[in-house]
Amino acid sequence: MSEKQPAGTSMDTRTRPVMPPTLGYVDPIALWQEIVNGACGCNDPLVKGLLATGIRNHASFRCALAALIGRKLGDRSVADDALAELVSEVFDADPDIVSAAAADLVAIRERDPATANYVTPFLFFKGYHAVQSYRVAHWLWHNNRCYLALHLQSRCSELFAVDIHPAARLGRRILLDHGTGIVIGETSVLEDDVSLLQGVTLGGTGKNVGDRHPKVRRGVLIGAGAKILGNIEIGEGAKVGAGSIVLESVPAYTTVVGNPARIVGTRHSSLPAFTMDQMLPPIDYII
């Protein structure tokens, strides 16, 4: 961990920092204050109620996030208020979940060029909502409440079109950009600082049991529609091109593309998840 540093960046997109990313402590109090300030800057009469319900009526980031998950995932089976209370209890039991949620939000602000503030991803980005719902489901899964965890997984799949098994292991500063169609299997691992685009599958190769899903190391960027199948490793800092089918492990700091995926270009030294640069080096073969 690095030294504590204030969360948030300028609301002006022209001064958006891309590198270096926020890797250390995110102060949830400072982050929440910036979110509240952003919400207070909107005077649209049709949106004021939404901003009040989602942000201004809450005393903290933790309380607002619990209410948001409850409001999003609540249904006739588990009512909104009951689910929000459950989420709050989970946060009490494991405050690190709230810290991870704050870090995820800062990562979105730093990496996504469509994000000019923290209000937008907090209220409207289903990729963010899906990851935070997963974090609650993951806690439930490991505390003998598997059916409730699977219920939350099912609700996320229905509402967000994002399907993350509650037993999967996700690190911090995870970005699911757009989110639609992302599938993350039961024994998948995503380390810190991973970015996934829409339509990515981290799946198995058939009916194998046990450890059967990909292990995605730190700083990996996986392009839209890529399918990574089997108990293989995507090495630190690797980049997977859009639409690729990956069936074998990918070395660290390399770029792969195609069906089946092959290494292209030379090794790089950066972590592409931070820059979100999806450009590929020259390709010397034709599929």
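In these legends, a residue is called buried when its relative accessible area is under 20%, exposed when this value is over 50%, and partly exposed in between (1.4 Å probe, protein chains only). This is a predicted model, in which local features need pLDDT of at least 70 and side-chain atom pairs count only at pLDDT 80 or more, while totals for chains, interfaces and linings use all residues. Residues are numbered from 1 along each chain as its sequence is written, and side-chain values use heavy atoms, leaving out hydrogens and water.

**View 1. Arginine 109 sits in helix α5.** Helices (H or I, at least four residues) and strands (E, at least two) are DSSP runs, numbered from the N terminus. Is arginine 109 buried or exposed? With a relative accessible area of 1%, arginine 109 is buried. From C-alpha to C-alpha, arginine 109 and threonine 120 are 9.3 Å apart in space, and they are 11 residues apart in sequence.

**View 2. The largest nonpolar core has 73 residues.** A nonpolar core is a set of buried Ala, Val, Leu, Ile, Met, Phe, Trp, Tyr and Cys residues joined through side-chain atoms within 4.5 Å. Phe61, Phe122, Leu196, Ile222 and Ile234 are the ones that touch the most other members. Helix α5 (residues 96-111) gives the most to this core, namely 8 residues. Why does this core lie between domain 1 and domain 2? Both domain 1 (25-161) and domain 2 (168-286) give residues to it, so the core lies between them; the domain bounds come from an automatic or database domain assignment.

**View 3. Here is helix α2 (residues 48-56) with its cover.** Look for Leu51, Ala52, Gly54 and Ile55, the buried residues of this helix. Their cover includes α1 (28-40), α3 (61-73) and α6 (119-124). Contact here means heavy atoms within 4.5 Å.

**View 4. Four strands form an open, parallel sheet in the order β2-β5-β8-β11.** Two strands pair if DSSP finds at least two bridges between them. At the edges are β2 (169-170) and β11 (233-234), each pairing on one side only. Strand β8 (residues 215-216) pairs with β11 in the parallel sense over 2 bridges. Which residue of β11 is the bridge partner of valine 216? That partner is isoleucine 234. Leaving aside residues up to four places away in sequence, isoleucine 234 touches Lys215, Val216, Arg217, Val220, Ile228, Val240, Val246 and Val250.

**View 5. A second open sheet has 6 strands and mixed pairing.** Follow its strands in the order β3-β6-β9-β12-β14-β15. The edge strands β3 (175-176) and β15 (262-264) each have a single partner strand, so one side of each is left without a neighbour in the sheet. Strand β3 runs parallel to β6 (residues 195-196), joined by 2 bridges. Within this pair, leucine 175 has serine 195 of β6 as its bridge partner.

**View 6. Threonine 254 is in the loop between β13 (245-246) and β14 (255-257).** Threonine 254 is buried, with a relative accessible area of 5%. Apart from residues up to four places away in sequence, threonine 254 touches Gly237, Ala238, Lys239, Ile263, Arg267 and His268.

View 7. How many disulfides (pairs of cysteine sulfur atoms within 2.5 Å) does the structure hold? The structure holds 0.

Definitions and conventions. Disulfide = S-S within 2.5 Å.
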